[in-house]
Amino acid sequence: MKNKFIYKMHSKVSVQIHGKTPERFILRLHKSNIDIIELKKVNRELFEIIINYADYEKLLKLNTIYDLSLIHI
């Protein structure tokens, strides 16, 4: 059980952000102290980011007009 908790603390989540201007949402993530490990621009309206699993709940609370899709845990 202890190993499962430590694994979740260090695991990463891949999320797609889709919307009109996802750059603004990424700036909002930065201001909210959510560490972005990797950032990939797919096209003008779609970004893929990798964040820590611990920050995923913070990310869901910040969601306003952007569509978030969990790709990989």
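Biologist: What joins β2 to β3 in this structure?

Modeller: In this predicted model, a hairpin of two residues makes the link between β2 and β3.

Biologist: What makes β2 and β3 paired strands?

Modeller: Two strands pair if DSSP finds at least two bridges between them. Strand β2 (residues 36–43) and strand β3 (residues 46–52) are joined by six bridges, and therefore they count as a pair. The two run antiparallel, and L39 stands opposite I49 in β3.

Biologist: Which residues of helix α2 are called buried, and why?

Modeller: In α2 (residues 22–31) they are P22, F25, I26 and L29. They are called buried because each has under 20% relative accessible area.

Biologist: How do you know that these residues lie on the same side of α2?

Modeller: Around the axis they cover an arc of only 100 degrees, which puts them on the same side of α2. In general, an α-helix has 3.6 residues a turn, so residues three or four places apart point the same way.

Biologist: What does the buried side of α2 pack against, and what lies on the face turned away from it?

Modeller: The buried residues pack against β1 (12–18), β2, β3, α3 (56–62) and β4 (67–72). The face turned away carries R24, L27, H30 and K31; these are called exposed because exposed means over 50% relative accessible area.

Biologist: Which pattern do the helices and strands follow along the sequence?

Modeller: The protein chain has three helices and four strands, and their pattern is α-β-α-β-β-α-β. Of its 73 residues, 27% count as buried.

Technical notes:
Residues are numbered from 1 along each chain as its sequence is written. This is a predicted model: local features need pLDDT of at least 70, side-chain atom pairs count only at pLDDT 80 or more; totals for chains, interfaces and linings use all residues. Side-chain values use heavy atoms; hydrogens and water are left out. Buried means under 20% relative accessible area, exposed over 50%, partly exposed in between (1.4 Å probe, protein chains only). The arc is that of the directions from the helix axis to the C-beta atoms. Contact means heavy atoms within 4.5 Å.
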